[in-house]
Amino acid sequence: MAFLRKAAHALLALSLVGRTVTPVAAITLDPTNSDSIKSAAKIVAKDLMGYYATGSTGAVLSGIPGLLTYPPYYWWEAGAMFGQMVEYWYYTGDDTYNDIVSAGMQNQVGVARDFMPANQSKDEGNDDQLFWAFAVMSATEVGFPNPAADKPQWLALAQSVFNQLTTRWDTSLCAGGLPWQIYTWNQGYNYKNTAANGGLFQLGARLAKYTGNQTYADWANKAYDWLASSPLITADLQVYDGSNSLQNCTDADRLQWSYNYGIMIGGAAYMYNYTNGSTIWQTRLTGFLTHAESVFFPTAYGSQTMVEVACEVTQKCDVDQWSFKAYLARWMAISAQIAPFTAAKITPLLQASAKAAATQCNGGTDGTECGSRWFQDTCDGNVGVGQSMSALSVIQANLIASAKAPLSADTGGTSKGNPAAGTGGNEGSAKTGLSEITTADKAGAGIVTTLALIAVLGGGWFLVSGD
Ligand SMILES: *[C@@H]1O[C@H](CO)[C@@H](O)[C@H](O)[C@H]1NC(C)=O
Ligand SMILES: *[C@@H]1O[C@H](CO)[C@@H](O)[C@H](O)[C@H]1NC(C)=O
Ligand SMILES: *[C@@H]1O[C@H](CO)[C@@H](O)[C@H](O)[C@H]1NC(C)=O
Ligand SMILES: *[C@@H]1O[C@H](CO)[C@@H](O)[C@H](O)[C@H]1NC(C)=O
Ligand SMILES: *[C@@H]1O[C@H](CO)[C@@H](O)[C@H](O)[C@H]1NC(C)=O
């Protein structure tokens, strides 16, 4: 996600802030009552999917299945949204949206079945591809209905992305790590970041748990060890965003984002479970959670309400960043489930944040639209896909205690895999993208990045540093 390249679109996000709000309905939520959680989630899911299609089976607003309307919504965010909706079905049993969610994911796999569709691949980042992989990995784990046999299968798609990521491991600088971007001509190629490397870590951990194949765990360990040896993860387990590989990753950008913590918490929880509760993963998971709690649940807002501290209070998050709280909530819930020793810490945070989120879902014309600031009692008018996704995520996460454990290949999982998917030089769609690259594309990417960097560096953001 590409937040630097894409931060220019923060302007678009801000233009939504002025939307008139007439609080009428709001959503009531008792986070200890599953019927209450399900009915709240249903309302927010409807608002969220309203950005994608008319009704549950109606026309896709962008005109192309799998894509949200651009601008402002980039390709990756649709993948993140479909992952959320797969989990919506898992948590609530409501299959209203299953067909359009399935069709949307299927339409973006690309000719090589690797989430490198020709329309996107030329400026796709490793983290962008990963968020689609997370969606199909969730579909695999929760037993989301399988596509027809002649269509790409969820597990094989996740393996395909995993296999491609491992071929991009770059030892030429920083002694390893994945670049943020896939292609050298994209500006962020010289940025090695937590989303890409933590994403490989988490995907490897989940594939190891699901398939029992140790090779995936070996890669998860490799990605983790590289992150831990770089400035991206500190000795006391704080998580920073990224590092300049042209300076050999000697220092890190110290922005702390909830989604980076979410990715690391999720991956560590899967490794904890995969290793049958090893002390080393218990320590790491505990460290990430401790920092996540102190950074994203600030005492200034009651210590239990999640806040995207780097940009939310000043309303400077970009379109991507408004969705980040969704991923921290999502993977905190998974942690409580598969690393049960963390549940006592996590449950009250998810309960209080869900209650706070629901309380302010009283915006928009239907009176149930969710804003960005959960610590307020009314919607702040800053609405959108990311805001609705975050609210949905934290609300439905409170069903985790009664949700069934993730499936694995030997506990009832039925998705068909293919360990060789995505290998054998079949990056057909990527090659298509490559041949289509023009000078204008390259220049365009560079300009947007420069603008974005100015926005980030000059925006007076509250930088959360470890000092
Ligand atoms: C790719 O873009 C073309 C032209 O806009 C469109 O017709 C097609 O549906 C797109 N394909 C996908 C998979 O998004
Ligand atoms: C770059 O960093 C790696 C890992 O810290 C180190 O092994 C390597 O020697 C460094 N290379 C240069 C050119 O400084
Ligand atoms: C975890 O325990 C299971 C069942 O006892 C065993 O088969 C498996 O090898 C163990 N895994 C690890 C990584 O130790
Ligand atoms: C792994 O996850 C399962 C499913 O939630 C859980 O029952 C089990 O206790 C977990 N293992 C450990 C070591 O916590
Ligand atoms: C385990 O995964 C690796 C990496 O994808 C693959 O090469 C290997 O064939 C897999 N092994 C089995 C038994 O599926």
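Guide: A disulfide here is a pair of cysteine sulfur atoms within 2.5 Å. Note that this is a predicted model.

Visitor: How many disulfides does that rule give?
Guide: The count is three disulfides.

Visitor: What about Cys 361 and Cys 370, how far apart are their sulfur atoms?
Guide: They are 2.1 Å apart, and the two residues form a disulfide. The angle about the S-S bond is 105°, and the link is right-handed.

Visitor: Are those two buried or exposed?
Guide: Cys 361 has a relative accessible area of 0%, so it is buried. Cys 370 is also at 0% relative accessibility and therefore counts as buried.

Visitor: Why does Cys 379 count as buried?
Guide: Because its relative accessible area is 7%, and buried means under 20%.

Visitor: Back to the bonded ones. What does the Cys 174 and Cys 249 pair look like?
Guide: Their sulfur atoms are 2.2 Å apart and form a disulfide. With 75° about the S-S bond, this link is right-handed. The pair joins distant parts of the chain, with the two cysteines 75 residues apart. Cys 174 sits in the loop between helix 8 (154-167) and strand 1 (191-193), while Cys 249 sits in the loop between strand 2 (242-244) and strand 3 (252-253). Both Cys 174 and Cys 249 are buried.

Visitor: Which handedness does the disulfide of Cys 311 and Cys 317 have?
Guide: The torsion about its S-S bond is about 90°, so the disulfide is right-handed. The sulfur atoms of Cys 311 and Cys 317 are 2.0 Å apart, and both residues are buried.

Visitor: What's the pairing in sequence order?
Guide: With the bonded cysteines of the chain numbered that way, the pairing is 1-2, 3-4, 5-6.

Visitor: OK, ligand now. Which residues are around ligand 1?
Guide: Ile 64, Asn 107, Gln 108 and Asn 119. By class, that shell has one nonpolar, three polar and no charged residues.

Visitor: How far is the side chain of Gln 108 from an oxygen atom of ligand 1?
Guide: An N or O atom of the Gln 108 side chain is 3.4 Å from an oxygen atom of ligand 1. For Asn 119, a polar side-chain atom lies 2.3 Å from an oxygen atom of the ligand.

Visitor: How much of ligand 1 does the protein cover?
Guide: Ligand 1 has 360 Å² of accessible area on its own, and the protein covers 46% of that.

Key. Residues numbered from 1 in each chain as written. Chains lettered and ligands numbered in written order. Predicted model: local features only at pLDDT ≥ 70, side-chain atom pairs only at ≥ 80, totals over all residues. Heavy atoms only, no water. Near = heavy atom within 4 Å. Polar contact = N/O pair within 3.5 Å; in protein donor to acceptor, adjacent residues only side chain to side chain. Areas by Shrake-Rupley, 256 points an atom, 1.4 Å probe, with all protein chains shown as cover. Nonpolar A, V, L, I, M, F, W, Y, C, P; charged D, E, K, R; others polar. Helix = DSSP H or I, 4+ residues; strand = E, 2+ residues; numbered from the N terminus. Buried < 20%, exposed > 50% of the residue type's maximum accessible area, 1.4 Å probe, protein only.
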